[in-house]
Amino acid sequence: MQQQLSIREASPLSEENGGASCYLMMTEDGADESAGFVVAFYPTTASLQQTVDGTDVIPEKAEPLLIEGRAAARQVLYGDAWKAQLTVDVGDGATLYVERFGPKDSLSERELRRSVDDLATSVLKAQKA
């Protein structure tokens, strides 16, 4: 999966969080702020809930949707960095988490939403294969 998504860095989260994640950085050399994707898998609801950090951002209300026929929720966060975060129920209490982030105003809201949806869809399709 890491090679399919051209992910340069993959690292497990701490044992406490019980998840695994990888990062696709798309930041140009010399850029002041990073941009890219985070893809993470959390085997339990508790492991996902332990990742909440209380960052000072202005969130949009979460939008319910379906990704590959699975229940999902997407939220866009505004601050110095803009983020679109998507969680997808993958069954048995496990959750796929996909985030697209970048400097403020570097992407449109529509691009943020579409990019996390598309990446989550590709991850779930690859999982089926």
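This is a predicted model: local features need pLDDT of at least 70, side-chain atom pairs count only at pLDDT 80 or more; totals for chains, interfaces and linings use all residues.

Residues are numbered from 1 along each chain as its sequence is written, and side-chain values use heavy atoms, with hydrogens and water left out.

**The overall fold**

- You'll find two helices and eight strands here; helices (H or I, at least four residues) and strands (E, at least two) are DSSP runs, numbered from the N terminus.
- Walk along the sequence and the pattern goes β-β-β-α-β-β-β-β-β-α.
- Of the protein's 129 residues, 37% count as buried, where buried means under 20% relative accessible area, exposed over 50%, and partly exposed in between (1.4 Å probe, protein chains only).
- If you take the contacts with a separation of 6 or more, 41% are between residues 24 or more positions apart; a contact means heavy atoms within 4.5 Å.

**The nonpolar cores**

- A nonpolar core is a set of buried Ala, Val, Leu, Ile, Met, Phe, Trp, Tyr and Cys residues joined through side-chain atoms within 4.5 Å.
- The largest one has 22 residues, and I67, L86, V88, L96 and A120 touch the most other members.
- Elements giving two or more residues to this core are β3 (36-42), β5 (63-67), β6 (70-78), β7 (81-91), β8 (94-103) and α2 (109-128).
- Helix α2 gives the largest share of this core, with six residues.
- There's also a second, separate core of six residues, with V38, Y42, L48 and Y97 among them.

**An aromatic pair**

- Rings of Phe, Tyr and Trp (its six-membered ring) pair if their centres lie within 6.5 Å; planes under 30 degrees apart count as stacked, over 60 as edge-to-face and the rest as tilted.
- The count comes to one aromatic pair.
- That pair is Y78 and W82, sitting edge-to-face at 5.0 Å centre to centre, with 85° between the planes.
- Y78 counts as buried because its relative accessible area is 17%, and W82 is buried because its value is 13%.

- Look for R113 in helix α2.
- R113 counts as buried because its relative accessibility is 16%.
- The side chains of R113 and E60 are joined by a polar contact of 2.3 Å; a polar contact is a pair of N or O atoms within 3.5 Å, and within protein, one must be able to donate a hydrogen and the other to accept it, while residues adjacent in sequence count only if both atoms are side-chain atoms.
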